[in-house]
Amino acid sequence: MSNCLFCKILSKELPGKIFYEDDLCIAFDDINPQAPVHVLIVPREHIPTLNDLNEGHRDLLGHLCMVVTKIAGMKKIKDPGFRMVINCNPAGGQMVYHLHIHVMGGRQMSWPPG
Ligand code: 5GP
Ligand code: ZN
């Protein structure tokens, strides 16, 4: 997607401090962190929202969840605990329309979220 922010970070057209990457996804720190650890995991495939997933994405989603725990381990938040979030569409608070998982930790999370 030519005008997609995360596609531009994926293609290195825009800078991003990518600290993890594999054949299916990349991970980098959120530019506006909401917690001491705030990582975005972004699939290489341009999928706009959760609503655009299909059966063909089952393995990708499983992989992304495994990467969440891998990154939580790398960032030392696995044991104290952390939160993973996917925002979907305007009422869900989505701002960038390329599917991504937020991984947040390093502080006590509250519930319900805002
Ligand atoms: P959403 O609201 O779509 O779930 O989350 C988008 C996230 O992307 C936000 O937390 C926002 O801070 C982050 N973000 C927006 N632009 C950039 C950018 O250029 N670089 C990085 N690293 N994060 C960004
Ligand atoms: Zn994209």
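This is a predicted model: local features need pLDDT of at least 70, side-chain atom pairs count only at pLDDT 80 or more; totals for chains, interfaces and linings use all residues.
Where in the protein is the place of K12? K12 sits in the loop between α1 and β1, the strand of residues 18–21. Most residues other than glycine have a negative phi. K12 is exposed, because its relative accessible area of 54% is over 50%.

Now step back to the whole chain. The protein has three helices and five strands. Read along the sequence, they follow the pattern α-β-β-β-α-β-α-β. The C-alpha trace spans about 35 × 30 × 25 Å along its principal axes.

Buried residues make up 37% of the 114 residues. The accessible surface comes to about 6,900 Å². Of that surface, 56% belongs to carbon and sulfur atoms.

Next, find the metal. Which residues are the protein donors of the zinc ion, ligand 2? They are C4 and C7, each through SG, and H46 and H98, each through ND1. These donors lie 2.0 to 2.3 Å from the zinc ion. The angles among the four donor atoms run from 105 to 116°, and the site is tetrahedral. Ideal angles for four tetrahedral donors are 109.5 degrees.

Along the chain, the zinc donors follow the spacing C-x2-C-x38-H-x51-H. The pair C4 and H98 links distant parts of the chain, 94 residues apart. C4 is in the segment before α1, the helix of residues 5–10. H98 is in the loop between α3 (89–92) and β5 (101–105).

From H98, move to a residue that touches it. P43 is found in strand β3, which covers residues 37–43. Leaving aside neighbours within four places in sequence, P43 is in contact with L10, L24, C25, L60, L64, H98 and L99. P43 is buried, with a relative accessible area of 1%. Compare its position with that of P80, 37 residues apart from it along the chain. The C-alpha atoms of P43 and P80 are separated by 26 Å.

K8 is partly exposed, because its relative accessible area of 23% falls between the 20% and 50% limits. Not counting residues up to four places away in sequence, K8 touches S2, N3, E13 and L14. K8 and M109 are 101 residues apart along the chain. Their C-alpha atoms are separated by 31 Å.

What about the cysteines? A disulfide is a covalent bond between the sulfur atoms of two cysteines. How many disulfides does a search of the whole structure find? It finds zero. C65 is in no disulfide, because the nearest cysteine sulfur, that of C25, is 11 Å away, and a disulfide needs sulfur atoms within 2.5 Å. At 35% relative accessibility, C65 counts as partly exposed. C88 is in no disulfide either, and for C88 the nearest cysteine sulfur is that of C4, 15 Å away. C88 counts as partly exposed too, at 23% relative accessibility.

N89 lies in helix α3. It has a positive phi of about 65°, although it is not a glycine. N89 is partly exposed, with a relative accessible area of 29%. The other detail is a peptide bond. Most peptide bonds are trans. The one from W111 to P112 is cis, with omega near 0°. P112 lies in the segment after β5.

Notes
Residues are numbered from 1 along each chain as its sequence is written. Chains are lettered from A and ligands numbered from 1 in the order in which they are written. Side-chain values use heavy atoms; hydrogens and water are left out. Donors are N, O and S atoms within 2.8 Å of the metal (3.2 Å for Na, K and Ca); water is not among the atoms, so sites may look incomplete. Four donors count as tetrahedral if all angles lie between 85 and 135 degrees; four count as square planar and six as octahedral if opposite donors are over 155 degrees apart and all others between 65 and 115; anything else is irregular. Helices (H or I, at least four residues) and strands (E, at least two) are DSSP runs, numbered from the N terminus. Buried means under 20% relative accessible area, exposed over 50%, partly exposed in between (1.4 Å probe, protein chains only). Accessible areas come from the Shrake-Rupley method with a 1.4 Å probe; for residues, only the protein chains shown count as cover. Contact means heavy atoms within 4.5 Å.
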